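Dear colleague,

Please find the structure below, followed by a short account of what was found in it. I would be grateful if you read the two side by side.

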Amino acid sequence: MLHRAGDREEARNRLTELWDEIGPHGDAFHRCTLAHYMADTQDDPKDELDWDLKALAAAEGYVTERAADTGAALGATSVADGPGPRHPLIALRAFFPSLHLSLATDYAGLDRLADARAQLLRARASANALADGEYRQGLREAIERLESRIDGEAGRS
């Protein structure tokens, strides 16, 4: 709420306190979500990228660790409209398109267009794995907008 109200610094301060409380070995689902939001409060694009990379690393680590524990049936479960399903593993899988899209945006902002395109491919692939719905459609539209922007920037180079 602080960030959305325009107080990035206070939002960053409070999120830092939560990050310290969770710690490096805390729940990966919480670290992923917190790092993803922390990225949005950064003033420096490189710091934003670092936080988005932390979010992705936490999500990938959690999925890898839990995949064997949950069995194949969980992997077949679909996600309807966004990253709010009941099970954290499913929620993180639904979160991947957004994580990759954020990274693509970060890389584009740092003029690392090849890295941005690679993340857009990952975002698109993980969005395609989601069930149809507003969340999936919104992601697809955001991916297309960023792709158009990157293509336009590449054309001017």
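A residue is called buried when its relative accessible area is under 20%, exposed when it is over 50%, and partly exposed in between, using a 1.4 Å probe and protein chains only. By this rule R12 is buried, because its relative accessible area is 18%.

This is a predicted model, in which local features need pLDDT of at least 70 and side-chain atom pairs count only at pLDDT 80 or more, while totals for chains, interfaces and linings use all residues. Residues are numbered from 1 along each chain as its sequence is written, and side-chain values use heavy atoms, with hydrogens and water left out.

R12 lies in helix α1; helices here are DSSP runs of H or I with at least four residues, numbered from the N terminus. Setting aside neighbours within four places in sequence, R12 is in contact (heavy atoms within 4.5 Å) with M38, T41, Q42 and D43.

Helix α1 covers residues 8-22 and helix α2 covers residues 28-40; their axes come within 10 Å and cross at roughly 160°. The axes are lines fitted to C-alpha atoms over the stretch in contact, and angles run from 0 to 180 degrees between N-to-C directions. The two helices, α1 and α2, are therefore roughly antiparallel, a term for angles over 145 degrees. On the α1 side, the residues that meet α2 are R8, R12, L15, T16, L18, W19 and I22. Their partners in α2 are H30, R31, L34, A35, Y37, M38 and D40.

S98 belongs to helix α5, residues 88-109. S98 counts as buried because its relative accessibility is 16%. Not counting residues up to four places away in sequence, S98 touches H36, Y135 and L139. With H36, the side chain of S98 also forms a polar contact of 3.3 Å. A polar contact is a pair of N or O atoms within 3.5 Å; within protein, one must be able to donate a hydrogen and the other to accept it, and residues adjacent in sequence count only if both atoms are side-chain atoms.

D111 is in the loop between α5 and α6 (113-128) and is exposed, at 58% relative accessibility. Most residues other than glycine have a negative phi. D111 has a positive phi of about 60° although it is not a glycine. D50, in helix α3 (residues 45-70), is partly exposed at 40%.

Yours sincerely

Technical notes: Angles under 35 degrees count as roughly parallel, over 145 as roughly antiparallel, 65 to 115 as roughly perpendicular and the rest as oblique.
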